[in-house]
2 protein chains.
Amino acid sequence: MLEQVSQSKVFGGWQKQYTHTSSTLNCTMRFAIFLPPGASQQNPVPVLYWLSGLTCTDENFMQKAGAFKKAAECGIAIVAPDTSPRGEQVPDDPQGQYDLGHGAGFYLDAVRLPWDQHYSMYSYVVKELPKLIETHFPVTSVRSISGHSMGGHGALTIGIKHSDDYRSVSAFSPICHPGACPWGQKAFRAYLGENRGLWLDYDAVELFKTRACTVPVLIDQGEADPFLEEQLKPEDLLAVINKQHPNFHYRSHPGYDHSYYFIQSFIGQHLEFHAKYLYPED
Amino acid sequence: MLEQVSQSKVFGGWQKQYTHTSSTLNCTMRFAIFLPPGASQQNPVPVLYWLSGLTCTDENFMQKAGAFKKAAECGIAIVAPDTSPRGEQVPDDPQGQYDLGHGAGFYLDAVRLPWDQHYSMYSYVVKELPKLIETHFPVTSVRSISGHSMGGHGALTIGIKHSDDYRSVSAFSPICHPGACPWGQKAFRAYLGENRGLWLDYDAVELFKTRACTVPVLIDQGEADPFLEEQLKPEDLLAVINKQHPNFHYRSHPGYDHSYYFIQSFIGQHLEFHAKYLYPED
């Protein structure tokens with residue numbers, strides 16, 4: 001089932017890549033996993049799921065985030081799936097643009113042709129992938145979730161809807177209000193159609209309008225992010241969140257942009273945040 | 001002269017890319033620089049030069065090494081040049097392979113046609129680049145040098161020959177004995193010709209045969225490195241070094257490979273090593 005593609009020792013742990021046949025996505029998928037030193041069947045560790053942004057694969061976070069020193073110290077495994085189904089048989093954007101199709105799954109379950117046979121990243125991330133990980137690796141079923149940009153949107157919406165399954169949620173530069181920005185509207189029209197009722201279920205701003213924030217949330221946003229105003233719209237999220245909610249933390253960082261340089265500057269703090277909830281007894 | 005290509009804030013400092021016209025290489029060159037927080041004309045900082053390996057550009061180390069947290073703490077700037085001259089007018093390997101021509105300058109001054117008009121990475125790294133950096137950025141002329149694989153070869157040979165100009169030298173997985181391995185022999189034949197007397201000046205093993213190790217050296221090598229036996233040959237270097245030399249430190253790490261996952265695991269220790277010599281008064 002699982003086929004190992006690569007492995008590298010890092011900070012005393014291991015970064016490994018695998019492929020598997022996904023029954024949810026009807027294609028071969030690759031994912032990466034970091035296992036901290038000491039993880040074993042006798043000493044299983046909790047997992048942080050990381051969802052990447054547009055154009056990324058399972059590799060971007062692993063190579064560029066600089067997360068493993070802290071993850072090794074905290075004893076946290078990290079799993080990074082790809083950002084969409086892939087392969088010749090998987091439909092791609094007919095215009096060949098980066099923000100639809102391959103690399104742009106948007107962590108939802110598509111209902112429209114030709115996308116609906118493969119584009120079910122929501123179900124893949126929430127159901128198939130954790131089951132696979134918990135079957136084959138020395139991990140517990142204790143999970144948190146994080147992501148960047150499109151993946152920040154994924155982490156927030158999944159974390160809000162499944163607050164019993166994830167101990168904590170964090171995001172860098174998330175697409176907070178996809179129903180109100182060009183990236184999100186393009187994806188939602190293609191994958192979900194014009195029925196805006198379907199959009200509400202994949203939009204953090206809409207979800208927070210009707211739900212309390214019961215899971216701890218940490219969001220970091222750079223103020224020099226070129227996508228801030230048109231695509232990310234954190235102010236829309238802040239407007240619907242009770243800002244006094246003790247579980248919700250939003251931080252705005254002068255000078256930082258949308259890149260992995262921003263992520264690597266604060267990923268250590270995100271891991272410490274998640275560790276508090278993944279290891280509450282400590 | 002200098003044209004800024006990009007900038008990203010990272011760990012309170014800045015990672016920036018520039019292009020300039022190199023009179024040594026007769027082409028436009030790009031380099032990257034990390035400036036730690038607080039670096040200014042009133043508070044100039046020392047510089048670690050980083051030389052990358054085959055196929056790399058100025059970007060690999062900056063994106064993948066995870067070096068900036070420690071460099072920010074230590075107050076060290078990092079400069080990463082490209083690994084060869086570039087451009088349509090710059091000759092490339094006629095066979096189109098990765099280990100000659102573009103991305104494979106080998107940190108030497110070529111003497112043979114068609115390479116001799118552009119391939120002078122040795123002079124570029126030793127003379128033109130530091131002068132440029134020290135003219136345009138808030139740095140001192142206090143320097144150390146490090147690198148990986150082909151860049152480890154560059155750091156060792158340059159550091160040995162210019163021990164007055166560099167306070168310390170380190171290398172990950174260096175090509176220790178290029179005159180005795182396929183990568184080095186191919187490059188030396190092309191760039192320098194069959195006169196092996198010319199080769200000696202760019203070969204760490206040959207240089208150490210006739211020189212004492214007067215500059216502090218730290219070398220890290222992974223034992224699962226697939227290039228270890230055929231290409232890197234650290235045992236040849238250890239055979240000519242007086243192993244009791246207090247300035248020479250060689251460490252062999254079980255399980256680690258040739259990738260940036262190995263580098264990111266130990267780059268913090270390299271920065272601490274260099275900081276001892278870059279800031280000897282502390």
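This briefing describes the confidence, the chain interface, selected strands and helices, and the salt bridges of the structure shown above.

The model is predicted, and the predictor gives the complex an ipTM of 0.94 and a pTM of 0.96. Chain A has a mean pLDDT of 96, with 99% of its residues at 70 or more. Chain B and chain A bury about 1,900 Å² between them, and the structure holds 26 salt bridges over all chains.

**Interface between chain B and chain A**

- The contact draws 21 residues from chain B and 21 residues from chain A.
- Of the area of about 1,900 Å² buried between the two chains, carbon and sulfur atoms give 48%.
- On the side of chain B that touches chain A, the elements giving two or more residues are strand 1 (3–10), strand 2 (13–22), helix 1 (59–64) and helix 10 (260–278) of chain B.
- Between chain B and chain A the count of salt bridges is zero.
- Polar contacts do cross this interface: 10 residue pairs are found, both residues of each pair being at pLDDT 80 or more.

**A residue of helix 10 in chain B**

- Helix 10 of chain B includes B:Q269.
- B:Q269 counts as partly exposed because its relative accessibility is 37%.
- The C-alpha atom of B:Q269 is separated by 11 Å from that of B:I219, although the two residues are 50 residues apart along the chain.

**Strand 3 of chain A and its partners**

- Strand 3 of chain A spans residues 27–35; seven of its nine residues are buried, so the strand is largely enclosed by the rest of the structure.
- Strand 2 (residues 13–22) of chain A runs antiparallel to strand 3 of chain A, and nine bridges join the two.
- Within this pairing, A:H20 stands opposite A:M29 of strand 3.
- Strand 2 and strand 3 of chain A form a hairpin with four residues between the strands, where A:N26 takes a positive phi near 55°.
- Strand 3 of chain A also pairs with strand 5 (residues 77–81) of chain A, in the antiparallel sense and over four bridges.
- In strand 5 of chain A, A:I78 is the residue that stands opposite A:F34.

**Helix 5 of chain A**

- Helix 5 of chain A covers residues 182–192, and its buried residues are A:W183, A:G184, A:A187, A:F188, A:A190, A:Y191 and A:L192.
- The cover over these buried residues includes helix 4 (150–161), helix 6 (196–199) and helix 8 (228–232) of chain A.
- Just after helix 5 of chain A comes A:G193, which takes a positive phi of about 90°.

- Side chains of opposite charge can pair when their charged atoms come close.
- A:K69 and A:E73 provide one such pair, their side chains meeting in a salt bridge at 3.2 Å, N to O.
- Both residues lie in helix 2 (residues 68–74) of chain A, where A:K69 and A:E73 are four residues apart, about one turn of the helix.
- An α-helix has 3.6 residues a turn, so residues three or four places apart point the same way.
- With 47% relative accessibility A:K69 counts as partly exposed, whereas A:E73, at 51%, counts as exposed.

**Salt bridges between separate elements**

- In chain A, the side chains of A:R251 and A:D220 meet in a salt bridge at 2.7 Å, N to O.
- A:R251 belongs to strand 9 (residues 248–253) and A:D220 to strand 8 (residues 217–222) of chain A, so this pair ties together parts that are 31 residues apart in sequence.
- A:R251 counts as partly exposed at 26% relative accessibility, while A:D220 counts as buried at 0%.
- In chain B, a salt bridge at 2.6 Å, N to O, joins the side chains of B:D99 and B:K186.
- This pair links distant parts of the chain, 87 residues apart: B:D99 is in the loop between strand 5 (77–81) and helix 3 (121–136) of chain B, and B:K186 is in helix 5 (residues 182–192) of chain B.
- B:D99 is buried, with a relative accessible area of 10%, and B:K186 counts as partly exposed at 24% relative accessibility.
- A further grouping is found in chain A, where salt bridges that share partners join A:K69, A:K70, A:E73 and A:E272 into one network.

Notes: Residues numbered from 1 in each chain as written. Chains lettered and ligands numbered in written order. Heavy atoms only, no water. Buried < 20%, exposed > 50% of the residue type's maximum accessible area, 1.4 Å probe, protein only. Pairing = 2+ DSSP bridges. pLDDT = per-residue confidence, 0-100. Contact = heavy atoms within 4.5 Å. Buried area = accessible area lost by both parts, 1.4 Å probe. Salt bridge = Lys/Arg side-chain N within 4 Å of Asp/Glu carboxyl O. Polar contact = N/O pair within 3.5 Å; in protein donor to acceptor, adjacent residues only side chain to side chain.
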